[in-house]
Each structure stands twice: as C-alpha cells, then as structure tokens.
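Thanks, everyone. Let's get the structure up on the screen and walk through it.

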Amino acid sequence: MRKSNLFLPVLKENPKEAEIISHRLMLRAGMIRQQSAGIYSWLPIGLKVLNKINDIIRQEQNRAGANEILMPTIQSADLWRESGRYEDYGKEMLRIEDRHERDMLFGPTNEEMVTDIFRGYVKSYKDLPLNLYHIQWKFRDEVRPRFGVMRSREFLMKDGYSFDVDADSARNSYRRMFVSYLRTFKRLGLQAIPMAADTGPIGGDLSHEFIILARTGESEVFTDKRILDLPTPPSDVDYSEDLSQWVDQWTAYHAVTDEIYEEAAFHENVEEEQRLQERGIEVGHIFYFGTKYSEPMGAKVAGPDGKEVPVHMGSYGIGPSRLAAALIEANHDDDGMIWPTIVAPFEAGVICLNIKDDDARQKSTEIYETLLGQNIDVLLDDTSERPGGKFAAMDLIGVPYQIIIGPKGLAKGEVEVKIRKTGEKIILAPDEVVNFVADKIQQDLQLI
RNA sequence: CGGAGUAUGGCGCAGUCUGGUAGCGCACCUGGUUUGGGUCCAGGGGGUCGCAAGUUCGAAUCUUGCUACUCCGACCA
C-alpha cells in the first residue's frame with residue numbers, strides 16, 4: 001500500500017473524550033471513528049488489524065475442529081421466548097419491531113439461534129461432537145459504554161457453540177476450546193490467564209474467563225505468579241486426544257477475578273511470595289452449560305441405545321474488537337502502538353525521506369516492490385510530507401519494521417532499518433535490507 | 001439508573017461572568033522556501049456558536065425546555 005493512496009486520517013492532538021491509552025491511540029491513528037455512544041466505524045488500518053485478529057482466531061478454531069458459519073445479527077424474539085431469555089435478558093437487549101409488528105432483536109449472543117440450526121439437522125449421536133462458530137457483530141445496550149471499543153455497545157464477537165451427547169464428552173469439547181484459546185492468545189502475543197468465573201446470565205456450572213494483565217484493566221485479578229511460566233500447547237497438539245493434562249496444568253494454580261475473590265482462599269492456596277494481584281482485561285470467556293438450551297428448545301439426538309437425549313452444550317466467546325484495544329493496552333509507548341507483527345496494520349514500512357530526490361524515490365520504490373513480491377504487507381510512505389511527520393506516523397500506527405531511505409544515507413551506500421519494538425536502528429546496504437526485514441518478519445510469523 | 005460535567009470550523013481551545021455583528025493553534029488551499037525526527041514566510045477558504053422557545057433595539061453570551069456526548073458509581077464480552 002502506498003501512503004499517498006491510503007485513507008489514514010491521523011490526528012496530532014488527543015481527542016478529549018478518550019481517557020485510556022488504547023482509545024486515544026486508535027482515534028489518533030485513524031483506526032476507528034465514534035458514530036454514537038459505544039458504536040464505532042472501523043477505518044482502513046483499524047479494520048486491517050481487526051481482520052488479522054480474526055484470521056488467527058479462525059485458524060485456531062478450525063485447527064480445534066470447529067466449523068465456521070455466519071448467523072444474522074437480527075433475530076426473532078420467538079426463539080428467545082423458547083428459552084425463556086426474551087423476558088430474562090432485560091434492557092441490555094436491543095428490541096426492534098419490524099413493519100409487520102413482529103418482535104425482533106439485535107443479537108447479544110446466539111445460543112438460541114445456533115440451537116435452532118442444530119435441532120433442524122442433527123438427529124444422531126454419531127454426528128457428535130459438533131462445534132459451530134461465527135464471527136459476527138453483537139449489540140448489548142450497556143448502560144455505560146466507555147473506553148472506546150474496549151466496552152462498546154456494538155462489538156465483534158467470535159462465539160462458538162459445542163454439542164455433545166453427554167456431559168463427559170461435553171467436557172472434552174470444553175477442553176478443546178480451552179486449549180484453542182490458550183493458543184489463540186499466545187499467537188497474538190498476549191499472556192492470557194484462564195480464571196475460574198461466574199457463569200452469569202449464560203448459565204451453567206463450568207466456566208473460565210481468559211484475562212490479560214494490564215494496568216488499565218477493569219477487573220482486579222488474584223493469581224499465582226507461577227501461572228505465567230506455564231507452557232502453551234504447541235501447534236501440533238492433537239485435538240482428538242485427551243487434553244486434560246493441559247487444562248489441569250493451567251487450572252492447578254489459583255486464579256480468580258474480583259467477582260469471586262475471597263481473601264481466605266487466596267491466602268490458603270497461594271504462598272505469599274507467589275501472590276500476584278493485578279488489573280486485567282477479559283478477552284475471552286468459555287462456558288459449559290449442559291442442557292440449559294437444548295432441553296427447552298428440543299435439541300435432541302438419538303443415543304446408541306436409540307433413546308433421544310438433549311445435547312450437552314457449551315459456548316465460547318472471544319471479542320476481537322476488544323482484543324484490538326487490549327493489544328494496544330499491552331503494547332505501546334509514548335510514540336504510539338507497538339503491534340506484534342502478526343496483527344500489525346503493516347508488517348513493514350518504507351519511508352522515503354525526500355520524494356523529490358530521484359535516487360531516494362527510485363530506491364524506496366524498488367525495495368517496496370521487492371517486499372510486496374515476497375508477500376510482505378508493506379506501506380510505502382511516498383508522500384511529500386516532512387521527515388518528522390513520516391517518522392511520527394509510522395511509530396504511531398506501530399509498524400514493526402521501518403526502512404528509512406534518504407539521499408544522505410544513499411550517498412554513503414546506507415539505509416536504516418528501525419525496529420519499532422526495541423528502538424534498534426540498524427544500518428545496512430540497500431541490497432541487504434529486503435532479506436534482513438523479510439527474515440525478521442518470517443521469524444515473527446512462525447507458527448508457535 | 002444515581003452523581004458531576006461538556007456542547008463555538010475537521011481536531012484542540014478562548015470568548016459567556018459584565019449582551020453590541022465570532023477568534024487562536026493545528027489541519028486544509030495557493031505561492032515561495034525547506035527536506036534525516038511534526039520547516040519558515042506570505043496570502044486564503046471554511047462556523048445554523050447542539051436544538052427549540054423566550055427576554056431584548058440587539059443573544060455564542062441572559063431565562064426555560066429538550067437533545068447528544070463525556071467522566072465517577074452500579075452493571076457488563
């Protein structure tokens with residue numbers, strides 16, 4: 001992408017409404033635009049990041065055996081009457097009436113709808129387990145949306161649903177998602193800690209929240225430091241095997257949010273020197289809730305004995321739009337965002353310091369095109385702005401590898417590579433730079 | 001939903017107390033200049049002062065009502 005052709009409305013000043021760093025930076029970098037309270041447009045580089053996050057989630061969902069579908073945002077109230085939640089959900093649900101005066105709603109979640117899909121097709125235990133997920137916009141009419149896309153009313157959610165013939169099998173499905181989530185957050189460069197959680201309005205008896213530690217987090221978390229050193233399941237983890245060892249290992253240490261925190265339990269379970277009390281951001285939440293929806297909605301399958309049984313279900317949520325903000329909270333400095341390469345709006349940037357200088361322009365373009373040819377997502381700053389503005393913009397949007405090309409350097413046979421994360425500046429010959437940067441990016445993107 | 005605020009050009013703000021025909025910085029446009037960490041000079045365009053009603057010769061400014069948005073709290077992916 002050439003910057004001269006990119007819609008990148010960066011702001012020099014901080015919009016006054018933005019209180020937390022991720023919100024400020026997303027507005028300043030032109031990633032999002034508020035349209036009304038808790039409702040945002042996603043502008044080009046914001047959308048790029050969001051899509052890259054979605055890609056990682058998809059890869060790890062699919063690896064774990066889940067099937068991607070896409071359900072609508074608008075749902076019929078009748079489905080929710082079947083489960084009883086139409087009355088229970090309260091004002092957080094946005095209720096709509098269509099022209100025929102039918103009660104509709106903007107989906108805050110999709111348990112009812114996916115259960116409806118399931119019951120329409122699946123009749124035998126032989127087709128289980130089954131896991132269906134989608135990545136779709138949700139609406140929850142929060143009383144007080146805030147912090148930009150961290151707590152918005154409209155938000156993107158990956159919500160997945162598992163179906164099993166019995167509770168034991170459902171626990172295996174739960175473990176697959178548990179492992180998949182550990183991998184997803186790890187690949188996004190985040191240290192997410194699964195914490196025992198309340199099941200809330202979704203219901204059920206087994207639930208974990210995945211929390212990343214960040215000073216600006218909204219909840220207080222209490223855990224054992226040693227949880228930070230646990231290994232993440234590798235890319236070749238076999239999802240058809242028993243995954244208990246992974247789940248047991250990760251749930252062995254005490255880890256709770258303020259919702260269910262009890263001082264006595266914390267002190268009993270965690271030795272003083274291992275206690276870690278921090279703020280955290282919830283980026284994922286998984287539930288096992290048995291037959292809560294399948295029973296009232298008649299989602300049943302025939303078991304081996306020919307008798308019909310209601311399926312055991314679980315649901316698994318990750319908020320990609322919130323993750324974008326959480327990633328910024330976890331990775332930034334005074335100059336702007338510091339994206340992990342895997343979700344950066346661009347993997348590399350080429351700054352041509354003086355576009356009017358023939359050598360600089362030609363060399364910049366050549367390097368840019370060579371990188372493109374290697375499938376690297378690269379931004380060429382071919383604008384006539386001043387150098388200072390170009391540097392500031394690259395740092396603000398958090399481009400991990402920045403190749404700086406100007407007449408003065410070229411005269412000495414030099415270009416500079418700046419590594420955003422470390423601030424390192426490496427001087428190279430122009431014909432070395434593509435390989436150097438391509439290698440770095442390849443390393444960063446290596447499947448872990 | 002309780003409490004506290006804000007609303008003036010794309011963004012950040014002054015002007016409101018004390019009514020008199022709207023201003024600054026950034027951004028934008030033109031010309032020149034400059035080009036390795038947010039150049040400099042000159043000129044220029046852009047505003048129903050959130051909306052409505054009222055008071056007044058005259059309202060961004062005073063009064064009343066409304067709306068939107070933000071912050072703190074309760075609630076939440």
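Helix 12 gives the most to the surface near RNA strand B, with 8 residues. "Near" means a C-beta atom, placed from the backbone, within 6 Å of the strand. Helices (H or I, at least four residues) and strands (E, at least two) are DSSP runs, numbered from the N terminus.

A word on the source. This is a predicted model: local features need pLDDT of at least 70, side-chain atom pairs count only at pLDDT 80 or more, and totals for chains, interfaces and linings use all residues. Residues are numbered from 1 along each chain as its sequence is written, and chains are lettered from A and ligands numbered from 1 in the order in which they are written.

Back to the RNA. Which residues come nearest to RNA strand B? Of the 43 around it, they are Gly 388, Gly 389, Phe 391, Gly 406 and Gly 409. Two or more residues each come from strand 13 (275–290), helix 12 (387–397), helix 13 (407–411) and strand 22 (415–419).

Next, strand 9, residues 192–196. Here 4 of 5 residues are buried, meaning 20 or more other C-beta atoms within 10 Å of their own, C-beta atoms being placed from the backbone. Strand 9 runs antiparallel to strand 10 (206–213), joined by 5 bridges; pairing takes at least two DSSP bridges. Ile 193 stands opposite Ile 211 in strand 10.

Last, the helix pair. Helix 11 (358–373) and helix 14 (433–445) pack at about 40°, axes 10 Å apart. Axes are lines fitted to C-alpha atoms over the stretch in contact, and angles run from 0 to 180 degrees between N-to-C directions.

Conventions:
Buried ≥ 20, exposed ≤ 12 C-beta atoms within 10 Å, placed from the backbone.
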